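Subject: Structure handover

Hello,

My notes on pockets, cavities and helix packing follow below it.

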Amino acid sequence: MFHTRKGELGLSTSEYFVYLISCWLNDEKPRGSEETNWQGIYALAEKHGVTAVIASIISELPQGSRPKGKLLSAFKQQFDYAKHNFDDKMQAMTKLIDVLSQAETDHLLVKGAVLRFLYSSPELRTSGDTDVVLRPSDYEDSIKALKQAGFKVDFIRQNVSQVVYHGEIFDLHTELESINIQSKIYYSTPFDDISESTGHTYKLKPIYHLLYIITHTAYHLKNGGAGVRMIMDIDALLRYYPDMDMSRFMALCDNIKIKHTAQALIALSKKWFNTPVAIDYTFEDSDEQPFYEKLSQIIINGDRLAWYSVLSVIL
């Protein structure tokens, strides 16, 4: 399966890594093994930015199945850092929202800034920089207002700039990320029908946020850099909004030519995390097992050989 080494649970290191995340998402007590390759689990957790999640679920394991010594300490340190960093990130986010709102500037929050609150423990859904979308007409004035409020400007480009407040990084965009001309046109007016607002602070409506996460993941798959956290966000959206109209969602995906990608990524979420969603395409059929293995290898281990064979199927 994704990785060759098997433990007494019959799971490879990569499979056990996914299993632990699934237990966290489903609030289930994990099974343990004294043969677990915790060094490998830690490496995967760091690579995918989910070390705090794994640290949280480790506490649910039998004592003899947990990592030992310095490795256990490393997990605990990342858990503590995630909780501390969450407070810092929220303070910086509040400051940015206040500055832009006082300037009567509309701003759209996407991805981690919104999705972390769909998880049972938002502080454990870590992220690096925070993406904020602005109207092109407000772009330059917004940067000036933030600079005057104490934000440090790292760089300014035509469609994206980066500002920092107390160590927290914000990427300011004038457009949403796209994967093709159809999605570029579709996302060209993000402050209109696809979003909702409280004052000047906007977020995508759930069905469109899922559409955007699929697009964002497709973009990174195309460029060889998709990660486990992206699949977790798909699960979080579908788990938090169980009544989402999947027929309508698939029609939206078809409109921007990413239906096959959406089917594969949602099927992967369901396979990995038991995502509570009814879908036609799944990885339960044995004929789909080779494709499932390759897609998993790409996302978990960054397998470039698998990447070439999968890319033509889903993009």
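**Largest pocket**

The largest pocket holds about 520 Å³ of space. This is a predicted model: local features need pLDDT of at least 70, side-chain atom pairs count only at pLDDT 80 or more, and totals for chains, interfaces and linings use all residues. Residues are numbered from 1 along each chain as its sequence is written, and side-chain values use heavy atoms, with hydrogens and water left out.

The terms, briefly. On a 1 Å grid over the protein atoms alone, a pocket is an open set of points with protein on both sides within 12 Å along at least five of seven lines. A cavity is a set where a 1.4 Å probe fits but cannot get out. Lining residues have an atom within 4 Å of a point. Points are joined across faces, edges and corners, and a volume is the space filled by probe spheres set on them.

The pocket has 28 lining residues. Nearest its centre lie Lys111, Arg125, His216, Arg229 and Met230. The lining divides into 8 nonpolar, 12 polar and 8 charged residues (Ala, Val, Leu, Ile, Met, Phe, Trp, Tyr, Cys and Pro are nonpolar; Asp, Glu, Lys and Arg are charged; the others, Gly among them, are polar). H9 gives the most, with 4 residues. Elements that each supply at least two include helix H2 (38-48), strand E2 (130-134) and helix H12 (289-301). Helices (H or I, at least four residues) and strands (E, at least two) are DSSP runs, numbered from the N terminus.

**Cavities**

The count is 3 cavities of 30 Å³ or more. Helix H5 (112-115), strand E7 (201-204) and helix H8 (206-222) each supply at least two.

**Packing around H9**

The axes of H8 and H9 come within 10 Å and cross at roughly 165 degrees (axes are lines fitted to C-alpha atoms, for helices over the stretch in contact; angles run from 0 to 180 degrees between N-to-C directions). H8 and H9 are therefore roughly antiparallel (over 145 degrees; under 35 is roughly parallel). Pro206, His209 and Ile213 are among the H8 residues in the contact, and Met230 and Leu237 among those of H9 (heavy atoms within 4.5 Å). By class, that contact has 8 nonpolar, 4 polar and 1 charged residues.

The axes of helix H1 (residues 13-26) and helix H9 (residues 228-240) come within 12 Å and cross at roughly 25 degrees. That makes H1 roughly parallel to H9. H1 contributes Phe17, Ile21, Trp24, Leu25 and Asn26; H9 contributes Val228, Met232, Asp235 and Arg239. These divide into 6 nonpolar, 1 polar and 2 charged.

Best wishes

Definitions and conventions. Angles under 35 degrees count as roughly parallel, over 145 as roughly antiparallel, 65 to 115 as roughly perpendicular and the rest as oblique.
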